[in-house]
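Please brief me on this model.

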Amino acid sequence: MDVGLLFQMLLAVIGAVVLYTFIGFVPGTDETSVLMPVTLAIVLAGVQPIIVLTFFIAAIITLNLMNAIPTALVGLPGGVMSTPMIEHALYLKERGLATTSIKKMATGSVIGTAVAIPISLLLANILAPFSDSVKAYAPLLFVFGAIFLSLIGKNKLLALLSIIPLGLLFQGLRYLYWGIGAVPQEKNVTVSFFLGITIGPLLVSLLGLLNKQNRDALPRHEISKIKLNKTDGKQASRHTFQTITKKEAGTSIVVSLLSNFLFFLSPVGLTILFGEAVANKEKDPVKKASMAITSMSALSHATYLSGVIIPLIALGIPLSPVAVGPANALFNAPPVFTLEHNLHHLLSRGEFVLSILFAGILASAITYFIAMTYARQMTAFVLKKIPHEAILGLFIGFILLLAYMDAGLINIFGVLLVGIVCGTLNKMGVNYGVQFMILYAAPWITTHLIFK
């Protein structure tokens with residue numbers, strides 16, 4: 001390990017912190033849609049594997065904390081993972097405790113990261129000897145994964161019914177591309193379909209605006225006035241673990257620890273399940289809200305980190321909602337990474353540990369300081385100067401560009417088709433995790449379940 005590589009890792013952490021600090025403050029951005037395309041671009045650019053991993057770990061730590069700041073200050077969720085905190089954060093804000101919310105969220109994020117990294121590394125090493133057995137049944141595991149996530153989702157029956165039709169859609173488009181010569185037979189188009197799934201709900205919402213009746217039926221609101229209370233930045237950044245009680249700290253440690261053993265489940269689901277369970281034990285409303293946001297902040301970091309680290313080190317295939325979602329480019333980004341040749345195969349255990357610890361410690365320290373000191377100023381800047389539509393438009397354009405690079409002009413329309421179908425299903429209750437699992441299970445489904 002030379003100094004030059006460490007310097008590149010440092011730049012990767014700083015780059016991830018800067019980029020996702022601003023993106024995190026933009027309300028309504030989805031973690032998958034902002035993490036996956038950027039990570040994919042870095043992989044395809046030929047960046048060294050250890051640098052890619054360092055960037056991604058720093059990115060998820062930064063994004064998960066920064067997404068929570070607008071929730072505490074203005075009641076707008078920065079991303080999906082901060083949505084469970086809205087009710088509790090608004091309760092504290094109404095009582096003039098927005099600064100307290102930020103402190104507790106920041107401290108909770110540090111706890112979640114500190115617990116998740118060593119436990120995830122330990123679990124990954126325990127599971128590693130069984131990786132060959134697991135990989136042999138990988139296609140079946142994706143099918144069972146789709147069924148399992150369907151059964152714990154909002155619309156169980158529709159999710160189950162969508163498995164075979166979606167498998168036909170994905171595999172049918174692949175056979176179309178092979179048949180017309182858009183891509184060679186040995187190339188399996190996956191990444192651009194994956195990106196189509198991520199922009200699906202947004203795409204359906206935008207296309208719905210083209211319908212005049214739907215557009216006229218939308219509710220009209222007056223211009224929203226958002227008030228940001230002043231905070232004492234110097235005081236906020238002074239005392240790290242004095243911002244939470246011993247009970248909040250202990251509870252956050254326990255739920256973060258437990259979530260690591262359930263890395264194959266939905267991060268949002270685990271955050272709501274454990275966060276609400278521990279918060280409901282508190283009778284005082286302020287203590288209940290404080291417990292909820294502290295534990296949920298810890299959980300959002302712990303679930304994401306364990307969902308990446310364990311499958312990546314132990315298995316090399318994306319067998320968790322996080323791995324098959326935001327972290328997918330670490331496992332499968334042809335032609336650079338495939339399921340048979342990715343970070344799992346390219347990095348040694350020592351390099352994994354170094355990269356994860358380096359990114360985890362540095363990103364946590366920087367984002368903690370930013371959250372404690374500049375949260376109000378950055379929220380005001382983003383809300384005033386950065387249009388929400390510009391961020392979303394940028395990512396849609398970027399995804400369509402990657403679709404063209406993946407399989408030419410026809411694939412842009414293929415991705416639009418995937419986005420419309422999957423976005424519609426998403427709005428009807430078939431979540432991202434189910435759709436991602438079906439994408440990977442499609443070859444097995446069409447080979448074994450569709451009879452001639």
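Predicted model: local features only at pLDDT ≥ 70, side-chain atom pairs only at ≥ 80, totals over all residues.

Residues are numbered from 1 along each chain as its sequence is written, and side-chain values use heavy atoms, without hydrogens and water.

**Aromatic pairs**
- The structure holds five aromatic pairs (ring centres within 6.5 Å; planes under 30 degrees apart are stacked, over 60 edge-to-face, the rest tilted; the six-membered ring is used for Trp).
- The Y177 and F193 ring centres lie 6.1 Å apart with planes at 45 degrees, so this pair is tilted.
- The pair links distant parts of the chain, 16 residues apart: Y177 sits in helix α8 (residues 156-180) and F193 in helix α9 (residues 191-198).
- Helices here are DSSP runs of H or I with at least four residues, numbered from the N terminus.
- Both Y177 and F193 are buried (under 20% relative accessible area, 1.4 Å probe, protein chains only).
- Ring pairs join F170, Y177 and F193 into a cluster.

**Helix α15**
- Of the 31 residues of α15, 27 are buried, so the helix is largely enclosed by the rest of the structure.
- A side-chain oxygen of D284 lies 3.1 Å from the backbone nitrogen of V286, capping the N-terminal end of α15.
- Just after α15, G316 has a positive phi of about 85 degrees.

**Helix α7**
- F144 is in helix α7.
- Helix α7 (residues 138-151) gives the most to the nonpolar patch, with four residues.

Notes:
Helix = DSSP H or I, 4+ residues; strand = E, 2+ residues; numbered from the N terminus. Buried < 20%, exposed > 50% of the residue type's maximum accessible area, 1.4 Å probe, protein only. Polar contact = N/O pair within 3.5 Å; in protein donor to acceptor, adjacent residues only side chain to side chain.
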